[in-house]
Amino acid sequence: MAKAPALRKAEPPVPNRERPDEPKPYEASKDELIEFYKQMLLIRRFEEKAGQLYGLGLIGGFCHLYIGQEAVAVGLQSALTEKDSVITGYRDHGHMLLCGIPPQDVMAELTGRAAGISKGKGGSMHMFSVEHKFYGGHGIVGAQVSLGTGLGFSHKYKGDGGVCLAYFGDGAANQGQVYESFNMAELWKLPVIYVIENNQYAMGTSVNRASAEDQLYRRGESFRIPGIQVDGMDVLACRGAAEEALAWVRAGKGPIILEMKTYRYRGHSMSDPAKYRSREEVQAVRDKSDPIEHVKKLLEEKGVTESDLKVVEQQIRKIVNEAADFAEQTPEPDAAELYTDVLVEKY
Amino acid sequence: MPIEIKMPALSPTMEEGTLAKWLVKEGDVVKSGDIMAEIETDKATMEFEAVDEGTIGKILVAEGTDNVKVGTVIATLDGEGEEPSSGERAGDSANAQPKEAQPADKAPPAPESNVPMAAESGTQQLHAAAEQKAKVSDPAIPEGTEMVKITLREALRDAMAEEMRADERVFVIGEEVAQYQGAYKVTQGLLAEFGDKRVIDTPITEYGFAGVGAGAAMGGLRPIVEFMTFNFALQAIDHIINSAAKTNYMSGGQMRCPIVFRGPNGAASRVGAQHSHNFAAWYASVPGLIVIAPYDAADAKGLMKAAIRTDDPVVFLENELLYGRTFEVPKLDDYVLPIGKARIMREGKDVTIVSYSIGVGLALEAAEKLAGEGIDAEVIDLRTLRPLDTETVLASLKKTNRLVIAEENWATCSIASEIQAVCMEQGFDDLDAPVLRVTNEDVPMPYAANLEKLMLVTADKIVAAVKKVTYRG
């Protein structure tokens with residue numbers, strides 16, 4: 001009879017390579033917290049308004065709202081500097097506002113007007129602003145991951161010290177090109193932060209119905225890209241993760257993955273009845289984990305009063321209403337615009 | 001009987017090569033797997049292994065000999081138990097004639113091979129047509145310009161190198177472009193000159209690196225993305241179409257994607273269905289893209305430079321069968337051609353033959369045959385497929401009133417179909433006969449040499465079509 005192997009003493013596994021530290025929640029000053037609050041509220045009210053205009057038939061096609069996920073983009077992008085770039089998929093309105101693109105330019109694009117950021121030729125899913133280092137706004141699931149890797153490549157090539165923040169969802173996380181990109185990014189140590197906005201549903205398919213490894217922050221392991229899972233409903237956790245990720249990438253250690261656990265309150269797009277989850281599920285998240293309510297509480301703890309917040313609320317509503325009025329009234333593109341911008345040069 | 005060792009074909013397009021070096025000498029015993037010689041093909045230096053065992057009898061082609069035809073007996077091998085075939089046992093003769101001392105034209109005539117090529121295939125005809133028509137010159141080149149003979153592959157490389165010297169933002173990325181010197185040697189030498197920051201080997205991940213290239217272009221760089229062949233670009237077509245072609249429009253003209261996607265396209269030699277596809281019409285159907293498909297080396301150079309410089313995304317379709325072909329290229333410091341301009345390769349008055357890429361060689365060959373029969377054909381090389389130079393085509397039609405399109409592609413939804421439509425819509429009153437398409441057969445590319453030959457467009461098929469439209473058949 002073979003001798004039973006001696007029991008080994010359980011020891012914690014030794015990491016075989018350097019890993020980033022567990023991020024700490026960001027310690028925000030009162031002013032910073034107010035700023036986070038404002039930004040999140042701007043996104044929420046903007047998106048609610050967009051949903052309303054869609055219902056009125058002023059916005060057409062596909063329109064994907066960011067409501068519920070605000071803390072992710074606000075927390076992460078608040079840590080960026082002017083040299084950094086941002087790219088995302090089609091749920092892009094919030095990211096654009098945070099890049100400093102005027103709300104009326106975004107809203108006018110949603111209504112398909114000449115004053116829109118893409119002259120009315122892009123629509124909700126295809127918006128860009130090179131000036132604000134926002135590179136889209138891409139309608140093909142996962143494409144922005146390779147493109148974002150290319151932006152990271154250009155930062156490194158130019159030596160401008162910039163980092164590309166490349167957002168994608170839990171659905172895109174299963175696309176092949178994501179892994180092709182991971183491989184090259186780590187191989188070439190590109191300055192890219194891959195942000196997986198895990199809002200639990202890829203359209204109507206939940207993460208565990210679509211992902212063999214549903215802990216998406218581990219998806220870089222076979223490429224030696226470290227990943228961190230983050231509470232995407234907590235803006236301070238998001239900002240803290242951004243600090244850690246930026247330090248890693250800026251130190252030349254290559255890309256990093258942040259899996260942001262978040263939730264979208266609305267359907268996948270305006271035309272999604274969201275029958276794949278219960279109302280109770282959505283309501284429970286709204287009640288217990290709303291990112292804006294969370295900051296509101298923190299602000300109250302810091303002595304900000306209800307009436308102070310009301311003032312903020314009014315300011316935001318005013319900005320959004322003005323953007324919506326502008327987007328409704330500003331004219332559609334001139335018919336001649338149909339033929340412009342197809343090519344840059346004349347042949 | 002000694003075994004004859006023949007000059008091997010070491011690439012699908014190789015017809016001849018240089019016997020660079022013998023690694024064995026007469027009297028050496030070799031067994032299978034031993035490396036006997038180094039042979040330079042049109043693409044690389046290859047090692048030539050022994051298959052049979054025995055003793056090297058006589059070395060018949062000295063090292064350093066150029067232009068040794070495939071199938072030429074280069075040495076003999078005495079099998080076991082056989083008498084040596086020659087008395088010269090000393091190995092000196094094998095190494096006695098270095099290249100300099102023995103120019104190819106003075107070398108002892110290499111024994112003629114009794115098997116010239118295994119089988120005649122269709123791509124050999126395409127290849128041969130390009131050889132016959134290698135002497136073409138562009139009227140646009142200033143008179144008195146010195147012309148140098150280089151291969152099309154060198155012309156492409158020179159174009160890239162010149163643009164890389166001129167613009168720090170230009171870089172080359174793709175599979176085997178750097179250390180391997182290019183799967184088809186097109187990027188040869190670029191790594192040495194520009195370093196690994198600007199000449200970048202990728203993993204075999206077309207979708208990924210096409211996206212990385214497009215993203216880098218959006219970020220302000222000027223990538224040249226090489227696809228080993230355009231067959232593999234199908235994996236990346238999303239980025240070519242959705243990311244590169246549409247960006248400028250979707251962004252209202254503020255975000256650009258100045259990128260060149262390049263590589264061989266169309267039928268290569270005996271590589272079968274998955275490696276023999278012409279994608280010209282696919283890309284040419286997409287607004288936002290520039291599509292270029294040059295025929296000769298001068299156009300390849302001038303148009304590649306233009307492609308790298310333009311702010312628009314370019315699909316640059318090369319042809320593997322033409323890479324090794326030598327053409328005259330003007331010796332000018334900065335030879336850049338306009339995109340979107342066709343070229344009249346041969347003037348004629350009776351009929352117009354329109355083509356592009358490797359089809360131009362066939363069209364010119366057909367035109368010569370037709371001249372012998374008293375039909376004076378005009379041959380137009382489209383060069384750019386989007387935007388299409390319909391003006392040149394229609395002007396020629398106005399003159400000849402008859403038009404045939406020759407295309408190494410399927411007929412359905414082809415460039416030929418497009419030219420037909422243009423002639424119908426805009427040249428109807430000039431037509432004295434229906435416009436005919438001369439293309440490949442409507443089947444996937446077969447492997448067998450005889451079937452490949454049947455499948456592909458030929459000069460004879462062009463001649464037959466021309467006779468039809470001139471009512472001479």
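**Exercise 1. Identify the bridge partner of T352(B) in β21(B), then place the strand pair in its sheet.**

Solution. In β21(B), T352(B) has L403(B) as its bridge partner. The model is predicted: local features need pLDDT of at least 70, side-chain atom pairs count only at pLDDT 80 or more, and totals for chains, interfaces and linings use all residues. Residues are numbered from 1 along each chain as its sequence is written, while chains are lettered from A and ligands numbered from 1 in the order in which they are written.

Step 1. Strands β18 (351-355) and β21 (403-406) of chain B pair in the parallel sense over three bridges; pairing requires at least two bridges found by DSSP between two strands. Strands (E, at least two residues) and helices (H or I, at least four) are DSSP runs, numbered from the N terminus.

Step 2. The pair belongs to an open sheet of five strands in chain B, ordered β17-β19-β18-β21-β22, with mixed pairing. Its edge strands, each pairing on one side only, are β17 (343-346) and β22 (436-438) of chain B.

Step 3. On average, neighbouring strands of this sheet are turned by 30° against each other, direction ignored. Axes are lines fitted to C-alpha atoms, for helices over the stretch in contact, and angles run from 0 to 180 degrees between N-to-C directions.

Step 4. Helix α14 (459-469) of chain B packs on the sheet, touching β18, β19 (377-381), β21 and β22 of chain B, and its direction makes about 170° with that of β22(B). Residues are in contact if their C-beta atoms, placed from the backbone, lie within 7 Å.

**Exercise 2. Characterise the crossing of α3(B) and α8(B).**

Solution. Step 1. The axes of α3 (152-166) and α8 (297-309) of chain B come within 8 Å and cross at roughly 30°. Therefore α3(B) is roughly parallel to α8(B) (angles under 35 degrees).

Step 2. The crossing is right-handed, that is, the near helix is turned clockwise from the far one by less than a right angle.

Step 3. Among the contact residues are L152(B) and A155(B) of α3(B) and A297(B) and A300(B) of α8(B). The residues of this contact divide into nine nonpolar, no polar and six charged. Ala, Val, Leu, Ile, Met, Phe, Trp, Tyr, Cys and Pro count as nonpolar, Asp, Glu, Lys and Arg as charged, and the others, Gly among them, as polar.

**Exercise 3. Describe the side of chain B that touches chain A.**

Solution. Step 1. The contact takes 37 residues from chain B and 33 residues from chain A.

Step 2. On the chain B side, α5(B) gives the largest share, 10 residues.

Step 3. By class, this side has 14 nonpolar, 19 polar and four charged residues.

Notes. Contact = placed C-beta atoms within 7 Å. Parallel < 35°, antiparallel > 145°, perpendicular 65-115°, else oblique.
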